[in-house]
Amino acid sequence: MTPALPTVTDETVTSWALAAADGDSEAVDRFVRALQRDVRRYVTYLADDAQAADDLTQDTFLRALTALPRFEGRSSARTWLLSIPRRTVIDSLRHAACRPRTAWTDDWQAAAERAQPTGLPGFDEGVALMELVDSLPGDRREAFVLTQLIGLPYAEAAELSRCPIGTVRSRVSRARTALAEWAADGSVTRHLAEPAVA
């Protein structure tokens with residue numbers, strides 16, 4: 001960036017800001033150069049990040065120059081300008097929080113695999129479990145699928161099944177008990193061991 005001018009009075013900076021608001025390009029340059037150092041110092045303090053200071057300073061001035069035609073000189077231009085970096089830094093922090101974080105590892109694939117949940121059934125087990133669910137009586141299967149797999153509230157499941165909510169709860173409870181018993185007596189293993197039907 002261009003080196004800052006020696007410190008000038010607030011009155012002079014404000015007069016440059018008003019002239020810049022009227023389209024004086026030389027006044028724009030003087031205004032920016034006079035306050036650049038102050039803005040950079042302030043954004044460095046607010047963001048606590050010296051590396052980002054140049055970008056934040058530039059963003060602050062872009063916002064200020066866009067708003068400059070509305071500047072009426074009711075306060076000094078320095079005071080007016082230094083009200084902008086706070087919003088600039090906040091927006092920058094929000095933007096950074098939304099971006100995926102960089103993983104400092106050479107083997108990102110292994111890191112991603114380690115982050116996966118463990119102890120979940122594999123594909124074959126999942127197929128066997130769904131076959132067991134299919135083995136449930138129709139009313140229990142419907143209640144179980146609606147509430148436990150699709151995730152509907154019991155009240156909505158009762159409305160869809162056209163039965164009282166207590167009946168849905170009872171059906172789900174019986175379905176869970178049956179599935180737990182089948183899993184305990186090895187039904188899942190038997191389903192996996194059975195040859196596929198041609």
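Predicted model: local features only at pLDDT ≥ 70, side-chain atom pairs only at ≥ 80, totals over all residues.
Me: What makes Phe71 and Trp80 an aromatic pair, and which kind of pair is it?
Reply: Rings of Phe, Tyr and Trp (its six-membered ring) pair if their centres lie within 6.5 Å, and planes under 30 degrees apart count as stacked, over 60 as edge-to-face and the rest as tilted. By this rule the count comes to 1 aromatic pair. The centres of Phe71 and Trp80 are 5.0 Å apart with 40° between the planes, and the pair is therefore tilted.

Me: Where does Trp80 stand in the largest nonpolar core?
Reply: A nonpolar core is a set of buried Ala, Val, Leu, Ile, Met, Phe, Trp, Tyr and Cys residues joined through side-chain atoms within 4.5 Å. The largest such core has 24 residues, and Trp80, together with Phe31 and Leu81, touches the most other members. The elements that give two or more residues to this core are α1 (10–21), α2, α3, α4 (77–81) and α5 (84–98), and α2 gives the most, with 8 residues. Helices here are DSSP runs (H or I, at least four residues), numbered from the N terminus.

Me: How do you know that Asp38 and Arg41 form a salt bridge?
Reply: A salt bridge is a side-chain nitrogen of Lys or Arg within 4 Å of a carboxyl oxygen of Asp or Glu. The closest N and O atoms of Asp38 and Arg41 are 3.8 Å apart, so the pair meets this definition. Asp38 and Arg41 are 3 residues apart in helix α2 (residues 25–47), which means they are separated by about one helical turn. Asp38 is partly exposed, with a relative accessible area of 21%, whereas Arg41 is exposed at 54%. Both residues also belong to a network of salt bridges that links Asp10, Asp38, Arg41 and Arg78.

Me: Why is the pair of Arg40 and Asp54 said to tie parts together?
Reply: The side chains of Arg40 and Asp54 meet in a salt bridge at 2.8 Å, N to O. Arg40 lies in helix α2 and Asp54 in helix α3 (residues 53–67), so the pair ties together parts that are 14 residues apart in sequence. Arg40, at 33% relative accessibility, counts as partly exposed, and Asp54 is partly exposed with a relative accessible area of 39%.

Me: What makes Arg169 count as a charge over the face of Tyr154?
Reply: The rule asks for NZ of Lys or CZ of Arg within 6 Å of the ring centre and within 35 degrees of the ring normal. Arg169 lies over the face of Tyr154, at 4.5 Å from the ring centre, and the distance is therefore within the cut-off.

Definitions and conventions:
Residues numbered from 1 in each chain as written. Heavy atoms only, no water. Buried < 20%, exposed > 50% of the residue type's maximum accessible area, 1.4 Å probe, protein only.
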